[in-house]
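Subject: Structure handover

Hello,

Here is the structure we talked about. Please open it first, then read the notes below.

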Amino acid sequence: MSLPVPNVQELARTCERTGMQIPDRYVRPEAVADEVIGGADAGAAIPVIDLAKLLDPRSSREERAKLGSACQQWGFFQVISDTRRDLTEFFRLPLEAKEEYSQLLDGWEGYGHAFVFSEEQKLDWGDLLHLHLRPTESRDMRFWPERPPSFRNSERPKLFVRNSMERFSSETAKVGQCLFKFLAMDMGVDPDSLLEIFRGEPQAMRANYYPPCRQADKVLGLSPHCDASGLTLVLQVNNVQGLQIRKDGHWLAVDALDGALLANVGNTLEVLSNGRYRSIEHRAVVNQEEERISVAVFRLTCPDATIGPLPELVKKDGGKAAYKSMACEDFMKLYFSTKLDGRATVEGLRI
Ligand SMILES: O=C(O)CCC(=O)C(=O)O
Ligand SMILES: [Fe+2]
């Protein structure tokens with residue numbers, strides 16, 4: 001049994017509040033006396049184990065050896081997510097390889113840019129890969145990278161090893177379903193009402209690549225905008241910060257937890273909620289030294305939905321609909337026909 005000693009959290013608070021020195025029993029000269037190897041190089045030496053490679057018969061043997069040697073030589077390793085790895089690998093391919101998936105002139109899926117409508121328009125310091133994820137029939141495989149192979153191929157369906165984008169898509173779809181249910185409950189409407197509008201779990205993704213820029217303070221990675229979606233879930237792929245949201249008139253830098261999904265309300269949910277929830281304006285800034293990669297998943301309504309304030313909410317609000325209603329198709333056309341301009345699109349839907 002351990003002998004009773006003071007509570008350290010309380011002790012720290014007392015030291016902080018009163019300026020009291022830490023008690024002698026806590027003073028450990030060896031903490032600074034021992035040399036510590038630090039810096040990015042030291043960290044990079046720690047073995048990285050790729051779960052997808054372990055499960056893939058083509059690379060399993062090699063990765064298993066790496067796992068074994070990590071356990072023998074280090075007893076310590078990092079396990080990485082295949083979504084992040086595959087997107088990073090894709091953006092690191094030579095330009096010609098990425099351009100095999102270039103957008104066509106009449107569509108927005110594929111590798112390229114979005115929302116550029118004139119020669120004079122200011123441009124964003126970033127490239128993107130835009131794909132339909134769900135329903136599966138909506139996928140246009142022409143735009144799905146074949147490198148790295150695990151991006152879209154599953155080798156062993158029996159082992160439930162899915163390709164990285166499929167896994168990411170179904171995981172984010174689950175998160176979205178759960179949030180929609182609780183949001184409906186929060187608004188005091190039928191818990192299934194949002195699920196019904198987002199029936200079939202349609203979603204698209206946009207992976208963003210923001211190269212470092214020596215004049216980072218002169219450019220924007222992604223112009224201020226609101227998303228068309230119900231909800232958007234964003235994963236910061238390589239843990240470089242850069243997303244900012246407009247809160248109470250100021251830009252607020254989002255310090256995302258590593259691996260967390262950032263969620264933002266989009267125009268569709270603002271309209272459905274009759275203004276209870278606000279489509280947040282956001283933008284991305286660029287880092288001076290490091291590339292930044294993010295991937296956004298947009299939860300969209302089912303194609304035959306009408307996007308307008310939920311009737312139950314209009315009733316609660318004394319019969320007053322604060323936004324126009326529009327067929328999903330027209331709603332999306334309107335969004336994609338104008339350049340990114342803060343909250344302008346959603347403000348234009350107000351009655
Ligand atoms: O890069 C980011 O963090 C934000 C991406 C974003 O807002 C978008 O793709 O719509
Ligand atoms: Fe966005």
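Ligand 1 is surrounded by Arg206, Asn208, Tyr210, Leu222, His225, Asp227, Leu243, His282, Arg292, Ser294, Ala296 and Phe298. A residue counts as near the ligand if one of its heavy atoms lies within 4 Å of it. This is a predicted model: local features need pLDDT of at least 70, side-chain atom pairs count only at pLDDT 80 or more, and totals for chains, interfaces and linings use all residues. Residues are numbered from 1 along each chain as its sequence is written, chains are lettered from A and ligands numbered from 1 in the order in which they are written, and side-chain values use heavy atoms, with hydrogens and water left out.

By class, that shell has 5 nonpolar, 4 polar and 3 charged residues. (Ala, Val, Leu, Ile, Met, Phe, Trp, Tyr, Cys and Pro count as nonpolar; Asp, Glu, Lys and Arg as charged; the others, Gly among them, as polar.)

For Asn208 the distance is 3.1 Å. For Asp227 it is 3.3 Å. For His282 it is 3.0 Å. (A polar contact is a pair of N or O atoms within 3.5 Å.) Taken alone, ligand 1 exposes 300 Å², and the protein buries 98% of that. (Areas: Shrake-Rupley method, 1.4 Å probe.)

Which elements give two or more residues to the shell around ligand 1? They are β5 (203-210), β6 (222-225) and β12 (292-299). β12 gives the most, with 4 residues. (Strands are DSSP runs of E, at least two residues; helices are runs of H or I, at least four; both are numbered from the N terminus.)

Now the metal. The protein donors of the iron ion (ligand 2) are His225 (NE2), Asp227 (OD) and His282 (NE2), lying 2.1 to 2.2 Å from it. (Donors are N, O and S atoms within 2.8 Å of the metal, or 3.2 Å for Na, K and Ca; water is not among the atoms, so sites may look incomplete.) Their spacing in sequence is H-x1-D-x54-H. His225 lies in β6 and His282 in β11 (residues 282-284), so the pair ties together parts that are 57 residues apart in sequence.

Some backbone points to finish. Arg134 and Pro135 are joined by a cis peptide bond, with omega about -10°. The bond from Arg147 to Pro148 is also cis, with omega near -10°. Pro135 lies in the loop between β4 (127-134) and α8 (164-187), and Pro148 lies in the loop between β4 and α8.

Best wishes

Notes: Polar contact = N/O pair within 3.5 Å; in protein donor to acceptor, adjacent residues only side chain to side chain.
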